[in-house]
Amino acid sequence: MNMNTMRGLLSIGLGLLAMLRPACGAPAMPGPSAAEKRIIDQHIGRIADPATRRAVQEQDMAWQMTTFLCQDAARAVLVRMGGLPHRFFLQDAATGSQVVTSAALVSGRGQFLRAGNAIQWVGFTWNCHLDPDTGHVLRFDAQPTGPIRPGP
């Protein structure tokens with residue numbers, strides 16, 4: 001077999017491998033659309049402290065999408081549910097509490113501090129519906145799951 005034939009076969013093999021890789025390899029991870037990524041990058045770019053900016057950039061994409069795309073929309077919904085406007089988390093202590101299903105949907109579990117005199121945290125599940133073309137929230141849904149028991 002001459003060198004040109006070997007190069008041709010190698011080229012075909014590499015081409016087939018490149019085409020099959022998405023089907024055979026790890027599944028593609030959902031993530032933000034170009035518009036959503038642009039909004040996230042703008043928020044991160046406004047962080048003045050380089051160490052803080054780097055730490056935020058190292059957070060996973062679910063955290064970044066939740067924080068920079070969904071958090072403001074969540075605030076109004078959670079206040080209507082009886083929470084304080086700046087005392088909520090769109091995550092809990094368990095792994096996988098924020099999940100990117102697609103550029104159009106981020107879901108999770110969270111908790112908010114109930115307004116009033118007593119300190120009571122309430123758990124909830126949530127869905128953040130996004131418009132991937134604009135990066136804006138179309139709707140934020142939350143469903144309370146009940147009081148959070150104080151931990152050790």
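Strands β4 and β5 make a hairpin that has four residues between them, and Gly-135 in its turn shows a positive phi of about 80 degrees; strands here are DSSP runs of E with at least two residues, helices are runs of H or I with at least four, and both are numbered from the N terminus. This is a predicted model, in which local features need pLDDT of at least 70 and side-chain atom pairs count only at pLDDT 80 or more, while totals for chains, interfaces and linings use all residues. Residues are numbered from 1 along each chain as its sequence is written, and side-chain values use heavy atoms, with hydrogens and water left out.

**Strand pairing**
- β4 and strand β5 (residues 136-147) run antiparallel and are joined by ten bridges, where pairing requires that DSSP finds at least two bridges between two strands.
- β3 and β4 also pair in the antiparallel sense, over nine bridges, and Gly-108 has Trp-126 in β4 as its bridge partner.

**Disulfide**
- One disulfide is found in a search of the whole structure, the term meaning a pair of cysteine sulfur atoms within 2.5 Å.
- This disulfide joins Cys-70 to Cys-128, with an S to S distance of 2.2 Å, and it links Cys-70 in helix α4 (residues 61-80) with Cys-128 in strand β4 (residues 121-131), 58 residues apart.
- Both Cys-70 and Cys-128 are buried, that is, under 20% relative accessible area with a 1.4 Å probe and protein chains only, whereas exposed means over 50% and partly exposed lies in between.
- Cys-128 also stands opposite Phe-140 in β5.

**Ser-107**
- Ser-107, in strand β3 (residues 105-114), counts as buried because its relative accessibility is 15%.
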